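User: I have not seen this structure before. Please take me through it in questions and answers.

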Amino acid sequence: PSTEDVERALDGDVGLVVLSLVHYRSAAIADLSAITDAAHAVGALVLWDLSHAAGAIPVELESSGVDLAVGCTYKYLNAGPGAPAFLYVRTELQERLRPPIQGWIAARDVFAMAPEWERAPGILGFAAGTPPVLGLVAVDEGVSLVEEAGLEAIRSKGIALTDYAVALHDAWLAPLGTALGSPRDAERRGSHVAIRHPDAERLMAALAEREVIVDFRRPDVLRLGLSPLTTSFGEVREAIVRLRDLLMTG
C-alpha cells in the first residue's frame, strides 16, 4: 500500500500495523520510514515483514525507528529450505513486550528446569524454541556471502536483472498477452518480477517441465525470483525465451 493508503486507515484505535516491506506478489517497495512515522503519530507500533527484502535491498530499521520486524532466511539470505526465521525487536521494547510462546531456550536459566518459567532478558527472551543447528550454519554461510558481496552491489545487480527482465517482457511477452505486475520504477521494485497472464498456473507447470522454476500467485501471477548472488543475465534471458515459446505455441 502507499503511505497515503495507510494514513487513511490509521486512527487512535490502531495498536499495531503489519506490512510487508517488499510485496510478495508485485515486488513493490513500501516507504518504510514514512509509514513507520505515520503509525507512531497515532500511537501504534509497526511490524515489518522483511521476507522479500532482507539480503536484496537496504533496510534501515534502527534509523527509521522501526519497532518490530520478522522475516525468513531461505530467500535472499541464501540459507535454503528449512532455515530458521528471524525477529527484530527495538531495544527499548525488549523488556516491555512479552512473547506469546514461552520457548525453552528463552528461559533465564535453561537448565534449572524450574516449575515456573522465567524469561531471559533482552532479545534472547523472544526465542520460541531450540534453533536447528544445521539451519543456523546455513544462515551463517548465507549471510557471510551477502556481507562479502556487499548489499550495495547486490542491490545494483538486482536492479539490473529486473530491468532486463522487464525489457524482455515488454519486447517479447507483452505482444503475446502478458502484463507486467511489478512497478516499472526500479527504485520501487524489489528483486523479483511479476508477470500476469490468465493461464499463469498452467504456464508455471509447463515451465517446470522445461527446467524453468517460477512460482504462481493467485489469481494470475507468474513470479520470477532473481536472486542477485545466484542468477545470471543469461538465465533471465533463457527463462523469458522459454516462456515466449510456450505462449507462441499456445
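User: In which sense do β2 and β3 run, and how many bridges join them?

Analyst: This is a predicted model. Strands of a sheet pair through backbone hydrogen bonds, either parallel or antiparallel. Asp49 has Val70 in β3 as its bridge partner. β2 and β3 run parallel, and the bridges that join them number 3.

User: In which sense do β3 and strand β4 run, and how many bridges join them?

Analyst: Strand β4 covers residues 86-89. One of its residues, Val89, stands opposite Leu68. β3 and β4 run antiparallel, joined by 4 bridges.

User: Which residue gives the backbone oxygen that the side chain of Ser64 reaches?

Analyst: Ser64 lies in the loop between β2 (45-49) and β3 (68-71). Its distance to the backbone oxygen in question is 2.8 Å. The residue that holds this oxygen is Glu60.

User: Is Ser64 buried or exposed?

Analyst: Leaving out residues up to four places away in sequence, Ser64 touches Leu32, Ser33, Thr36 and Asp37. Its relative accessible area is 12%. Buried means under 20%, so Ser64 with its 12% is buried.

User: Where is Thr36, and what is its relative accessible area?

Analyst: Thr36 has its place in helix α2, which spans residues 32-41. With neighbours within four places in sequence set aside, Thr36 is in contact with Val46, Trp48, Ser64, Gly65 and Val66. Thr36 is buried, because its relative accessible area is 0%.

User: What separates the C-alpha atoms of Thr36 and Gly65?

Analyst: Along the chain, Thr36 and Gly65 are 29 residues apart. Gly65 is among the residues in contact with Thr36. The separation of their C-alpha atoms is 7.3 Å.

User: How many bridges pair β5 with strand β6?

Analyst: Strand β6 consists of residues 192-196. Arg196 in β6 has Ala179 opposite. β5 and β6 pair in the antiparallel sense, and the number of bridges is 2.

User: Is His197 buried or exposed?

Analyst: His197 is in the loop between β6 and α5 (200-209). Apart from neighbours within four places in sequence, its contacts are Leu176, Gly177, Thr178, Leu203, Asp220 and Leu247. Since its relative accessibility is 15%, His197 counts as buried.

User: What is the phi of Met113, and is the residue buried or exposed?

Analyst: Met113 has its place in the loop between β4 and α3 (133-149). Its phi is positive, about 50 degrees, although Met113 is not a glycine. Because its relative accessible area is 60%, Met113 is exposed.

User: What is the phi of Glu211, and does the residue count as buried or exposed?

Analyst: Glu211 is found in the loop between α5 and β7. Phi of Glu211 is near 65 degrees, a positive value in a residue other than glycine. With a relative accessibility of 69%, Glu211 counts as exposed.

User: How many helices and strands does the protein chain have?

Analyst: Read from the N terminus, the elements run α-β-α-β-β-β-α-α-β-β-α-β-β-α. The C-alpha atoms of the chain fill a box of roughly 65 × 45 × 30 Å along the principal axes. The secondary structure comes to 6 helices and 8 strands.

User: What percentage of the residues of the protein chain count as buried?

Analyst: The protein chain has 250 residues. It exposes about 13,300 Å², of which carbon and sulfur atoms supply 55%. The buried residues come to 44%.

User: How far apart are the mean positions of the positive and negative charges?

Analyst: The protein chain has 22 positive and 34 negative charges. Their mean positions are apart by 7 Å.

Terms used: Residues are numbered from 1 along each chain as its sequence is written. This is a predicted model: local features need pLDDT of at least 70, side-chain atom pairs count only at pLDDT 80 or more; totals for chains, interfaces and linings use all residues. Side-chain values use heavy atoms; hydrogens and water are left out. Buried means under 20% relative accessible area, exposed over 50%, partly exposed in between (1.4 Å probe, protein chains only). Accessible areas come from the Shrake-Rupley method with a 1.4 Å probe; for residues, only the protein chains shown count as cover. Lys and Arg count as positive and Asp and Glu as negative; His and the chain ends are not counted. The place of a charge is taken as NZ of Lys, CZ of Arg, CG of Asp or CD of Glu. A polar contact is a pair of N or O atoms within 3.5 Å; within protein, one must be able to donate a hydrogen and the other to accept it, and residues adjacent in sequence count only if both atoms are side-chain atoms. Contact means heavy atoms within 4.5 Å. Two strands pair if DSSP finds at least two bridges between them.
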